[in-house]
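Here are a few notes to read alongside the model.

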Amino acid sequence: MSQHTRVLIIGSGPSGLTAAIYSARAQLSPIVIEGEPSSTTDQPGGQLMVTTEVENFPGFPDGIMGPELMANMRAQALRFGARMEVTKVQKLDLGQRPFRAWLTDDVEPSITADTVIIATGARSLMLDVPGEARLLSHGLSTCATCDGFFFRGHDIAVVGGGDSALEEAIFLTRFANTVTLVHRRDSLRASKIMQDRALANPKIRFAWNSQVTEVLGDEKVSGLALRDTLTGDSRVLDVTGVFIAIGHVPNTDIVAEHLERHDNGYIVTGPGSFTSVDGVFAAGDVQDHEYRQAITSAGSGCMAAIDAERWLEAQGM
Ligand code: NAP
C-alpha cells in the first residue's frame, strides 16, 4: 500500500532539511527520504557530514561541527512533524500526478506525492587513490571556502587544472604559506584570466604532468605521492593539506529523464525553485553549480518549501 504525502522531499542536506522544517511548520507533514550511507561522499546529511568545523554558517559565532549542524537541522524538522526515512528512492515517476516514488523494487509505488522537492545535492569527484577516503577531513578537503582557514601557514596542494582548482588555489594563498597546484597535464583547462592570476601569484607553485598516486599520512595528511606522467618517475610532495578540485557532479540519476537540466547536468530552476515539471521543485547543490554553500543551500530549501506550499494552495490542494 502506498502512503500519500503532500510534500515529498528527497535528500537530507541543508536544503532538504530546511525544506522539511518549513513545510512541517506549514502543517504539510512532509516525508523526507534521507538517503543511506554508501560512501564518504554520498550519505544522509550530505556533504557537511564529511566536514569538520563549519565557521561560516551564521548563528554560530564559535563555529559548529558539520555533523552536529546537520543533527540539529534534523531534530528541528522532526520537532515540527517531518517524517524521516533512512533509505534511497529507487525510482521516481514525475510523468503523472500524484507523483510516484519507489523505495523498494515492488511493483506498487511506496509513496505518492502532490509535490516533490528534489534536494539530492552534488558530490565532489574524487581521485580514488589510497589514503584519500581515510584522510578526508583530516587534512584533505574538497572545499577551500569551508576549510582554508585551518591551513594558516601550511604548505598545501590543490589537485586539478580547471577554474575550480585555480579559484581554490588563489583563495588558499590568503592562508597558506605555499600552494602547489598539482595537474596531470602541462597546460591548464581553466580560463585565461584565472590562469594569468594564478601564474602571477608568488605563493602558487605548479607540479605539472603529475598524477597523484597516494595521499600520505597516518592521522593527518603528510604528503602526496606523485608520478610524473611523462617519465614515470615517482616523488613525494611534502604538504600538510590537500584540496581536491577536479569537479563536481549533481546527483540527478533518479530525475534525469524527467527534468530539464543544464549542459553540465544541474537541474534548471526558475523562477524560484520551480523546475520544468509543474509541482516539482529543486533546491540546494543539485541545481546550484555556482555557490555550493551550506547557507545558500539552506536558503534555497526554504524557497522550495514556500514555492511548494503556494503551489498546493493555488491548485486548491
Ligand atoms: P573542470 O573544468 O571539468 O576541470 C576539472 C579539472 O580536473 C581538469 O583540469 C581535469 O584535468 C582535472 N581532473 C579531472 N579528473 C581528474 C583526475 N581523475 N585526476 C586528476 N585530475 C583530474 O571542472 P571545474 O574546474 O570544477 O569547473 C567546472 C565548470 O565550472 C567549468 O565550466 C568552469 O569554467 C566553471 N567554473 C568557473 C569558475 C569561475 O569562472 N570563477 C570557477 C569554478 C568553476 P584535464 O584538464 O587534464 O582534463
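The points below cover salt bridges, a loop residue and a pocket.

1. Before you start, please note that this is a predicted model: local features need pLDDT of at least 70, side-chain atom pairs count only at pLDDT 80 or more, and totals for chains, interfaces and linings use all residues. Residues are numbered from 1 along each chain as its sequence is written, and side-chain values use heavy atoms, with hydrogens and water left out.

2. The structure holds four salt bridges (a side-chain nitrogen of Lys or Arg within 4 Å of a carboxyl oxygen of Asp or Glu). One of them joins E34 and R74, at 2.8 Å from N to O. This pair links distant parts of the chain, 40 residues apart, with E34 in a loop and R74 in helix α2. E34 is buried at 7% relative accessibility, while R74 is partly exposed at 29% (buried is under 20% relative accessible area, exposed over 50%, partly exposed in between, with a 1.4 Å probe and protein chains only).

3. D278 and R97 form another salt bridge, with their closest N and O atoms 3.5 Å apart. D278 lies in the loop between β18 and β19 and R97 in the loop between β6 and β7, so the pair ties together parts 181 residues apart in sequence.

4. Do look at Q293, in the loop between β19 and α7. Leaving aside residues up to four places away in sequence, Q293 touches N56 and T145 (contact means heavy atoms within 4.5 Å).

5. What divides the lining of the second largest pocket? Its residues are seven nonpolar, eight polar and four charged.

Definitions and conventions
Nonpolar A, V, L, I, M, F, W, Y, C, P; charged D, E, K, R; others polar. Helix = DSSP H or I, 4+ residues; strand = E, 2+ residues; numbered from the N terminus.
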